[in-house]
Amino acid sequence: MLWHRESLSSHMRFLLLLALPLFSLAARASDDELRATMLELTAKDASKVKSAIEKLARSGDSRLVSFFENYSKDNLYIYEKQVVICAEIEEVEEVKFTKPLEALTGKPLLDAAGKGLRVKLDDLSEVSPGRNRPLIKDALTVLRLSDRD
């Protein structure tokens with residue numbers, strides 16, 4: 001009977017994680033808060049990274065579906081103290097370049113002339129999901145279930 005109690009407890013925690021966004025839709029985080037939490041994914045402390053993933057999932061913000069999909073595919077980087085998405089990489093004369101996208105909106109970052117920014121991949125720091133892929137998968141499930149559309 002002990003295995004059943006442990007299994008039930010695990011399922012209850014997951015269901016609670018699923019239900020939280022539904023109860024807190026009115027308390028959505030601001031874009032700045034979401035971006036700050038995204039930066040917490042770079043923490044060395046695994047518990048802080050886990051906490052950031054859970055906090056983003058609880059936000060219920062459907063824009064984070066694309067964010068987490070890119071996170072699980074190793075497409076997140078840090079550029080000038082912000083998390084960006086770099087899904088496409090091109091190589092020119094053995095130098096890799098990318099056109100970073102703003103992590104929350106998916107819009108291209110622009111240069112001073114208003115054109116899509118192009119940066120060397122070496123100028124970015126990768127944000128690796130490490131062993132958090134199962135938690136990312138759960139976050140995606142929560143966000144998809146809490147999407148009102």
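Helices (H or I, at least four residues) and strands (E, at least two) are taken here as DSSP runs, numbered from the N terminus.

**Entry 1: ground rules.** I am working from a predicted model, in which local features need pLDDT of at least 70, side-chain atom pairs count only at pLDDT 80 or more, and totals for chains, interfaces and linings use all residues. Residues are numbered from 1 along each chain as its sequence is written, and side-chain values use heavy atoms, with hydrogens and water left out.

**Entry 2: the whole chain.** I found five helices and seven strands in the protein chain. Along the sequence I read the pattern as α-α-α-α-β-β-β-β-β-β-β-α. Of the 149 residues, 35% are buried, meaning under 20% relative accessible area; exposed means over 50% and partly exposed lies in between (1.4 Å probe, protein chains only). I noted an accessible surface of about 9600 Å², with 52% of it on carbon and sulfur atoms. Accessible areas come from the Shrake-Rupley method with a 1.4 Å probe, and for residues only the protein chains shown count as cover. I then looked at contacts (heavy atoms within 4.5 Å). Among those between residues at least 6 apart in sequence, 59% join residues at least 24 apart.

**Entry 3: Ile 85.** I placed Ile 85 in strand S2, residues 82–85. Ile 85 counts as buried because its relative accessible area is 3%. Leaving out residues up to four places away in sequence, I listed what Ile 85 touches: Asn 70, Asn 75, Leu 76, Lys 99, Pro 100, Leu 101, Glu 102 and Ala 103. For Glu 102 I also looked up the separation from Ile 85, which is 17 residues in sequence and 6.4 Å in space, C-alpha to C-alpha.

**Entry 4: Asp 61.** I located Asp 61 in the loop between helix H3 (46–58) and helix H4 (64–72). Its relative accessibility is 10%, so Asp 61 counts as buried. The Asp 61 side chain makes a polar contact with the side chain of Arg 63 at 2.7 Å. A polar contact is a pair of N or O atoms within 3.5 Å; within protein, one must be able to donate a hydrogen and the other to accept it, and residues adjacent in sequence count only if both atoms are side-chain atoms.

**Entry 5: helix H5.** Which residues of H5 are buried? I listed Leu 135, Ile 136, Ala 139, Leu 140, Val 142, Leu 143 and Ser 146. They lie on the same side of H5 because they cover an arc of only 165° around the axis, taken from the directions from the helix axis to the C-beta atoms. On the other side of H5, I found Pro 134, Lys 137 and Leu 145 exposed.
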